[in-house]
Amino acid sequence: MEEFYRGFAQRARDLAEYADPFTKRRLLDLAQRYDLKSKPGAPGARTLPPPRAMPPTVLFSGSGEA
């Protein structure tokens with residue numbers, strides 16, 4: 001996942017080279033946000049939720065009818 005965001009950040013920087021000043025500023029801001037996401041443990045980086053203690057089927061053992 002880190003490599004994915006790093007690639008997006010580089011692509012945004014590459015596009016910024018050819019953009020007008022307003023778009024360039026937005027693309028560079030976007031690249032910076034992707035850089036933050038590419039660092040493990042950084043705020044904004046996606047992490048997987050902790051594994052469940054029990055599978056959902058064990059939690060609901062009824063017939064399923066209300």
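Glu 3 is exposed in this predicted model, with a relative accessible area of 57%, where exposed means over 50% relative accessible area, buried under 20% and partly exposed in between, computed with a 1.4 Å probe on protein chains only. The model is a predicted one, in which local features need pLDDT of at least 70 and side-chain atom pairs count only at pLDDT 80 or more, whereas totals for chains, interfaces and linings use all residues. Residues are numbered from 1 along each chain as its sequence is written, and side-chain values use heavy atoms, with hydrogens and water left out.

Glu 3 is found in helix 1; helices here are DSSP runs of H or I with at least four residues, numbered from the N terminus. Helix 1 covers residues 2-16, and its 15 residues reach 21 Å from the first C-alpha to the last, close to the 21 Å expected at 1.5 Å a residue, the expected span being 1.5 Å times one less than the number of residues. Together with Arg 11 and Leu 15, Glu 3 is an exposed residue on the face of helix 1 turned away from its buried side. The buried residues of helix 1 are Tyr 5, Ala 9, Ala 12 and Ala 16. Seen down the helix axis, these buried residues fall within an arc of 60 degrees, so they line one face of helix 1, the arc being that of the directions from the axis to the C-beta atoms. An α-helix has 3.6 residues a turn, so residues three or four places apart point the same way.

The buried residues of helix 1 pack against helix 2, residues 21-38. Tyr 5, Ala 9, Ala 12, Ala 16, Leu 27, Ala 31 and Tyr 34 form the largest nonpolar core, seven residues in all, a nonpolar core being a set of buried Ala, Val, Leu, Ile, Met, Phe, Trp, Tyr and Cys residues joined through side-chain atoms within 4.5 Å. Helix 1 and helix 2 each supply at least two residues of this core, and the largest share, four residues, comes from helix 1.

Ser 38 lies in helix 2 and is buried, with a relative accessible area of 5%. Leaving aside residues up to four places away in sequence, Ser 38 touches Glu 2, Tyr 5 and Arg 6, contact meaning heavy atoms within 4.5 Å. The C-alpha atoms of Ser 38 and Glu 3 are separated by 6.9 Å, although these residues are 35 residues apart along the chain.

The chain averages a pLDDT of 79, and 61% of the residues score at least 70, pLDDT being the predictor's confidence in each residue, from 0 to 100. Confidence is highest in helix 2, at 93, and lowest in helix 3 (residues 56-59), at a mean of 57.
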